[in-house]
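Here is my note on the model you sent. Please keep the structure open while you read.

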Amino acid sequence: MEVSGLPVELWQLILSYLRLPDLGRCSLVCKAWYELVLSLDKTRWRQLCLGCLEHRHPNWPNQPSVEPRSWREAFKQHYLASKTWTKNTQDLESSNCLSLFRRRKGRRQLCVGAAGEFSSLRAALAAASPYDCLVLLPGVHEEQGEVLLKVPVEVVGQGNLGDVALLASIDQHCPTARLCNMVFMPARFTSVLYKTTSGYVQFDNCNFESGQLQIHAPGTCQVKFCTFSQSSIHLRSMALCVLENCEFTGSENASVTVEGCPSSDRNWACKHLAVLAKSCTPSMQEPDPAGCPTAKQDGWGESLLGPVRTCEIVVGEERSSFLSAVGARALLGSAQEDTEFRENLQAAKEEECPALNSNSSDSDLHSDDEEDAQAVYKLPYQAHSLSHTLADVTHSRLQSNRLHALQRDLKLKSLQQELQQDKEAQSLANSLQGCIIRQCLFRDGKGGIFIYAQGQAKLEGSIFRDLTYAVRCIQNSKVIMLRNDIHHCKASGIFLRLSAGGLIADNNIHSNCEAGVDIRKGANPLVLCNKIHSGLRSGIVVVGNGKGIIRSNQIYGNKEAGIYILYNGNPAVSGNHIFQGLAAGIAVNENGRGQITGNIICENQWGGVDIRHGGDPVLRNNLISCGYSDGMVVGEHGKGLIEGNVIYGNKGCGVWMMSSSLPHLINNEISHNSIYGVAVFCRKDHAADYSHGQGRSESFQEEREGAGGENDSDSEEDYPAAQRPISVALVELNSINHNGAAGLHVKSSEALNIIANVIHANCDDGVTVLQSSQLTCIANNSISCNSREGVLVEAECQVELRGNGIYENSSHGIVSKGEGVIAENDIIGNHRCGLQLLQAADMKVTKNRIQSFRDYGIALFDEAKGLVQENLIFQGTSKKSILRPMSNAEDCIIQNNVLLTFKKRFDMECMLINPPARPHIEGGAPESCTAADGQRVSSITTRVDGGCHNHGSIFCTIL
């Protein structure tokens, strides 16, 4: 392209020498010249922008090494902002036209200093006309008394910043003023550098040292490219003011204090500031996609973890197949390394870790003859009421697809997606009210921003580091925080209390000594799409009736719980990825509550969720996986409704709980955990106590003292579950499969109800009852294909087994050394005895259907006693039915049992028809035990009591 015959390069060289007015005139010549002027962005426009004494680098002070997208656009925005003070339509003496003319053509320049027209600022102001420019010559200018600013003027320091120092206290009484390129120091008689209660003031490229600015409504201000050293700004009832590209260091208190509700009496400048604020608002950009538990590394500070590890859920394989930290680092490397790693991993899996299938626990090798015999004698049982749930877990491909679909459903949402769906959040993000603070740096001081007494502030793109706290918002105030970086604070990064609220979104909050976000005393903010990580304590703390909506955040690498809820804290926690924490993912303690739904909680060192000491949350539809300890812990006095969660691949138990805590574990999938699927202990077992004393040094004294009686007035209405008394711990409608030890391990001294669960293919017993001084009710469960017994009951345990289907376990169907009732169960196809009573067992065994392929249907040994009556025993290959003891025949009554032999294959008499295969639940499988309004509803009806007394069989007494 050529313009008037010259190459573009020569035109660019020529135009690079022009001044700003000449560039503007050239751009108006034609379209070709306009494009030529635009092409000078990185040359002439950059020189003009950086050469102006009234402002600094567009990305100062946070990123001065990063160039703006357009130097011309940055220069334009600075220029327009610097002229805001001249837009006042009010005039003291003349019409608008004459005022405009005087501002542009008739304004004078008055020099102040030793070589100037006036020796002091006070004298120059006395002689100044409206909109004159007062130039302070290099040197120190000190005013002995308070300086009154009565006419609108511009006060500019000559030379570079630092050449002019002004020691004065200025009180503005005029509608508008601008001060630029000076160092402000306090006069000897006051620490107030500047104050106004009605007018608009604009500060550009100034330094403030050891003093304070006071702006009271209806006054307002715009502060840009200024440095505050041990100085602060106090804003009272501010309708709208703007602080941009400023640096605050060494403050003894808060650097910016915002007090009072925004005034309805607006200054003339508010509409211009609103336009300016909207024009400078950065667009909401889509963040990099971040699936759990990968967090993209960026320039927002170093994590204490180093590279963030990656976890891949592998269904149906050994625990060792989870990706190690070394493997995760390989995933973060080049594409070639990634491919090689996957190939090596796949080879290792094929050689060392063969996949588990649905029959992995029933893997004994049999001859063809045995298989044929089993085919003849096998009773079909697949049509029971829980067969649809069993079908899901017996096919590893279906289970894998379901898990991956769950991960897709729980994918993190971007801020833009959240704002599109949440109109309240969108309204807050777009609001322009109170104090707007953008691209500022707060460092090395006590506090960043303090908002109280219904004050409002909006913080965007700022950095808060090495402070005692970054933001403190209290007393019904509101703070909006977007894309800020908050790190290395000595206390909490963001502190909200006393009914404070607002929006905290898309911030990077890390490496703070206390909580990243601290919510207390009725505070109720929206916390969306933040990265909260590498803290020395918890990521988010909700304390003392604190509320809040915590959604779509990445919370990782914190030394204590990712989210810690206590003292009646009651947040809504959903859609977060909480991973790689050095303690629990979520801890609910000291009467904490909360609705915890749809989160991915993985790779945490302690339990994924830890509930103790009166904690009573509702946990629904979370994925809790790959933890280095138990998936979920319900400790002493913990409560809660745990429903619809997937608890997968943890190195400890899937769920570790105390029966004394009375939790309700309903409709969860608990699989592929390294130890027990569900472990139930009594209150005296302290094996997994919360010994590290989480939160022990945090300042919770006020909340602790008020926890007993300071509940929200609507707390009972918000949380109706708390009103319903719970008397028995409940494990219901869960799928417990492919765990590394027993599916359900019970060692408890309290009552426990185990109802309608699918317990399948675990690497030990299906259900183990080692201690049960009160009744453990095991009813309507499907217990199949486990590596040892279907149910094992140890001595002195009280159990009731009723309506269960116990199928194809690798050892005995039921082994009991304890007391109780075994009634109306289907005990079919187990590889050894269907039912075995040992030692001093004292059981009532009635109306069961029992079959064993190669052993006795019922076998009684040692001192076993009780009543064996009206059972239906199907013939197996061994032709064995009942083995009875000879030593205590008088204590063991066996009568009215029926043996059915196979006359031909598919003999209808030898089918599980009337009733159909158990578990048989009237009306099909029970629905979820939670009502639509969130209230917990127990699906258990009247429990049939039964069992044996410690001193002997009640059946012997009756007979």
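The points below go through helix packing, a surface patch, backbone geometry and salt bridges.

1. Please read every value below as computed from a predicted model.

2. Five residues form a nonpolar patch on the surface: Leu 6, Leu 10, Leu 13, Ile 14 and Tyr 17. Tyr 17 sits in the loop between α1 and α2. Its relative accessibility is 65%, so Tyr 17 counts as exposed.

3. Packing of α2 and α3. Helix α2 covers residues 20–27 and helix α3 residues 31–38. Their axes lie 7 Å apart, and the packing angle is about 140°. From α2, the contact takes Leu 23, Cys 26 and Ser 27. From α3 come Trp 33, Tyr 34 and Val 37. What is the make-up of this contact in nonpolar, polar and charged residues? Five are nonpolar, one is polar and none is charged.

4. Cis peptide bonds. Most peptide bonds are trans. Two places deserve a look. The bond from Trp 60 to Pro 61 is cis, with omega near 0°. Pro 61 belongs to the loop between α4 (41–51) and α5 (71–82). The bond joining Ala 217 and Pro 218 is also cis, with omega about 5°. Here the proline, Pro 218, is in the loop between β15 (212–216) and β16 (220–224).

5. Positive phi. Most residues other than glycine have a negative phi. Gln 230 has a positive phi of about 50°. This residue is placed in the loop between β17 (227–229) and β18 (232–236). With 46% relative accessibility, Gln 230 is partly exposed. Leu 662 likewise has a positive phi, near 60°. Its loop runs between β49 (655–658) and β50 (664–666). Leu 662 is partly exposed as well, at 22% relative accessible area. Buried would require under 20%.

6. Salt bridges. How many are there? The count comes to 30.

7. Arg 537 with Glu 560. Their side chains meet at 3.0 Å, N to O. Arg 537 lies in the loop between β33 (531–533) and β34 (540–543), and Glu 560 in the loop between β36 (554–556) and β37 (563–566), so the bridge ties together parts 23 residues apart in sequence. Both Arg 537 and Glu 560 are buried.

8. Glu 789 with Arg 788. The N to O distance in this salt bridge is 3.9 Å. The cut-off is within 4 Å. Glu 789 is buried, with 9% relative accessible area. Arg 788 is partly exposed, at 42%.

9. Asp 826 with Arg 918. The closest N and O atoms of this salt bridge are 2.7 Å apart. Asp 826 is in strand β66 (residues 826–830) and Arg 918 in the loop between β75 (898–900) and α18 (954–958), so the pair links parts 92 residues apart in sequence.

10. Network. Salt bridges with shared partners join Arg 107, Glu 154, Arg 178 and Asp 204 into one network.

Note on methods: Residues are numbered from 1 along each chain as its sequence is written. This is a predicted model: local features need pLDDT of at least 70, side-chain atom pairs count only at pLDDT 80 or more; totals for chains, interfaces and linings use all residues. Side-chain values use heavy atoms; hydrogens and water are left out. Axes are lines fitted to C-alpha atoms, for helices over the stretch in contact, and angles run from 0 to 180 degrees between N-to-C directions. Helices (H or I, at least four residues) and strands (E, at least two) are DSSP runs, numbered from the N terminus. Contact means heavy atoms within 4.5 Å. Ala, Val, Leu, Ile, Met, Phe, Trp, Tyr, Cys and Pro count as nonpolar, Asp, Glu, Lys and Arg as charged, and the others, Gly among them, as polar. Buried means under 20% relative accessible area, exposed over 50%, partly exposed in between (1.4 Å probe, protein chains only). Patches are made of residues with over 30% relative accessible area and no salt bridge: like charges are joined within 9 Å, nonpolar side chains (Val, Leu, Ile, Met, Phe, Trp, Tyr) within 5 Å. Accessible areas come from the Shrake-Rupley method with a 1.4 Å probe; for residues, only the protein chains shown count as cover.
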